[in-house]
Amino acid sequence: SIFVNAKHIAMKTILRLKYFVFAALLFAACSTGKNALDKGNYDVSVFKAIDRLKNAPNNEEAKYVLQVAYDLAIKEHLRRIEETKILSDGLKWESILSDYQKINQLSDEINSSAAALNLISNPRKYIAEVEDSKYNAATGRYNLGINQLYENNSISAKNAYYNFEKAQYFYPNYKDVKNKLNE
């Protein structure tokens with residue numbers, strides 16, 4: 001009798017927990033991105049708002065969140081790009097590339113939703129800037145690899161190889177990177 005009662009209580013607890021998890025997931029799925037916006041997660045806010053608009057094109061809160069979050073996301077990425085360009089770090093272009101790619105992802109996501117395009121027509125893409133950043137990122141990795149090769153020890157040689165691989169990843173056929181990888 002005690003065992004049956006304990007089993008019954010455990011089953012009720014499991015059912016309640018399942019209901020709570022389901023309700024939490026449902027609430028998260030229905031999010032307009034307002035919480036992410038309030039926390040300063042602008043990219044996430046944009047994606048959530050667009051997701052919401054795909055299912056409910058007239059959702060006023062999602063429309064508001066999208067417009068505000070998109071503007072703030074673009075400003076944040078462009079600010080980081082400008083701040084990073086000033087640095088003397090040879091690997092800064094990887095961070096710059098990442099920010100340009102994130103802006104382009106936001107643009108692609110907006111272009112995938114008619115409701116989002118009605119709110120933000122012609123979102124800008126930074127295609128040329130991405131290509132320039134890839135080239136500059138490859139240059140930074142290549143130069144670092146060259147410097148490591150001159151150190152003439154096995155650890156530096158391994159690090160140089162890694163940097164040449166990264167250079168080739170960012171910009172295939174960059175200079176003589178294939179020869180350097182063989183070296």
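**Salt bridges**

Tutor: Let's start with K134, which is partly exposed at a relative accessible area of 25%; buried means under 20%, exposed over 50%, and partly exposed in between, with a 1.4 Å probe and protein chains only. Because K134 and E131 are three residues apart in helix α7 (residues 127-150), about one helical turn separates them. Shared partners also give a network, in which salt bridges join E76, R80 and D99.

A word on the basis: this is a predicted model, in which local features need pLDDT of at least 70, side-chain atom pairs count only at pLDDT 80 or more, and totals for chains, interfaces and linings use all residues. Residues are numbered from 1 along each chain as its sequence is written, and side-chain values use heavy atoms, leaving out hydrogens and water.

Now to helix α4, residues 60-86; helices are DSSP runs of H or I with at least four residues, numbered from the N terminus. Here R79 and E83 form a salt bridge at 3.1 Å, N to O. They sit four residues apart, so about one helical turn lies between them. R79 is partly exposed at 41%, and E83 at 45%. In helix α4 you will also find E82 and K85, three residues apart, with their closest N and O atoms 3.8 Å apart in a salt bridge. E82 is partly exposed at 46%, as is K85 at 31%. By this rule, the model has 12 salt bridges.

Notes. Salt bridge = Lys/Arg side-chain N within 4 Å of Asp/Glu carboxyl O. Helix = DSSP H or I, 4+ residues; strand = E, 2+ residues; numbered from the N terminus.
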